Amino acid sequence: MEVNPPKQEHLLALKVMRLTKPTLFTNIPVTCEDRDLPGDLFNQLMKDDPSTVNGAETLMLGEMLTLPQNFGNIFLGETFSSYISVHNDSNQIVKDILVKADLQTSSQRLNLSASNATVAELKSDCCIDDVIHHEVKEIGTHILVCAVSYTTQSGEKMYFRKFFKFQVLKPLDVKTKFYNAETDEVFLEAQIQNITTSPMFMEKVSLEPSMMYNVVELNTVKQDGEGVSTFGSRTYLQPMDTRQYLYCLKPKQEFAEKAGIIKGVTVIGKLDIVWKTNLGERGRLQTSQLQRMAPGYGDVRLSLEAIPDTVNLEEPFHITCKITNCSERTMDLVLEMCNTNSIHWCGVSGRQLGKLNPSSSLYLALTLLSSVQGLQSVSGLRLTDTFLKRTYEYDDIAQVCVVSSTIQVEG
């Protein structure tokens, strides 16, 4: 009968502890009125309790700190810190000790050890300590693999390792919406929700634009000549609360003049979010490059540069149009003006505008009048490219309020 030899115990012991900030100690105050049976007993006990605040014993929050009692939650963007200790529990001197710490994620394996050098010897009741740090950049399952190798006094090489599995959770839910303006400006609305169980102090939420844009933050208002946050002086985000941030991106001057380039730009930039939680523990997230659906202007873009808000009935008014060649070829354009039931164009229809090179623009002053009161839509412009015999129609370009001429219109 074959008997397996007993498993040899290791001379070294490995301990791994997560390093986190402590929490403020809380207690449950128990009190009663003076005429109740206990009298002043409960109040006196709370005053004698060293964990309560002197003069405010009925508050749940105390002056003491509590060390972490469990592993706790780890969130994306936070820094994972751990203390690793290898202790010699035997009465022998152990040689050639190598401690290695790796972090296995779903996509990669990272070496977190501060040093990969071998320790020559470790005497009895002595230890090797190491502290590792890692900024968590992936969600999901993470495994901390701690491996220890050493040589006994008899020359036998020993090796063992331990696995510590933990989950990385998502701290924020970020949703974005894009609004494309006629002036090539892009407005970004970012909705940020705290999906953790504790409040967050939002230290910074900024937008890093792509190389073609400048950004203006629209999250402050002017008060006494100074910018004040629209969220108030205390920028705390409670659990499950959502906050909306707004940004305006404007094309840089060198790109704004090239209509064809701006038309196809989809990459806008990325959000940089920094927050603090319990006792100042910091977290940071950067989104991937945000992309919008590029507006489809077609080959020729017509936009309004100037138009009055309110005009008088049956009185001419003026508008200024900007025509941009968004194609890669030269166009020879002809302008036609078609009257509608309410809008009548003044001037010659079918006039030649001349040749327009790619990414070039021309400005056009036009005169028209309305025969119907109310909110009227400006429509009826037609541009024809004589080279390709292709016509581009522009209706509902803008709206104008038409009032009776007996009503004085402010200039």
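Guide: Two strands are said to pair if DSSP finds at least two bridges between them. The model discussed here is predicted.

Visitor: Which residue in S29 is the bridge partner of Ile323?
Guide: Strand S25 (residues 317-325) pairs with strand S29 (residues 361-370) in the antiparallel sense, over eight bridges. The partner of Ile323 in S29 is Leu362.

Visitor: Is Ser342 buried or exposed?
Guide: Ser342 sits in the loop between strand S26 (331-337) and strand S27 (343-346). Leaving aside neighbours within four places in sequence, its contacts include Leu369, Ser370 and Gln376. Buried means under 20% relative accessible area. Because its relative accessibility is 11%, Ser342 counts as buried.

Visitor: Is Glu314 buried or exposed?
Guide: Glu314 belongs to the loop between strand S24 (310-312) and S25. Its phi is near 60°, a positive value in a residue other than glycine. Exposed means over 50% relative accessible area. Since Glu314 has 54% relative accessibility, it counts as exposed.

Visitor: What is the phi of Asp396?
Guide: Asp396 is placed in the loop between strand S32 (390-394) and strand S33 (398-403). At 57% relative accessibility, Asp396 counts as exposed. Although Asp396 is not a glycine, its phi is positive, at about 55°.

Technical notes: Residues are numbered from 1 along each chain as its sequence is written. This is a predicted model: local features need pLDDT of at least 70, side-chain atom pairs count only at pLDDT 80 or more; totals for chains, interfaces and linings use all residues. Side-chain values use heavy atoms; hydrogens and water are left out. Helices (H or I, at least four residues) and strands (E, at least two) are DSSP runs, numbered from the N terminus. Buried means under 20% relative accessible area, exposed over 50%, partly exposed in between (1.4 Å probe, protein chains only). Contact means heavy atoms within 4.5 Å.
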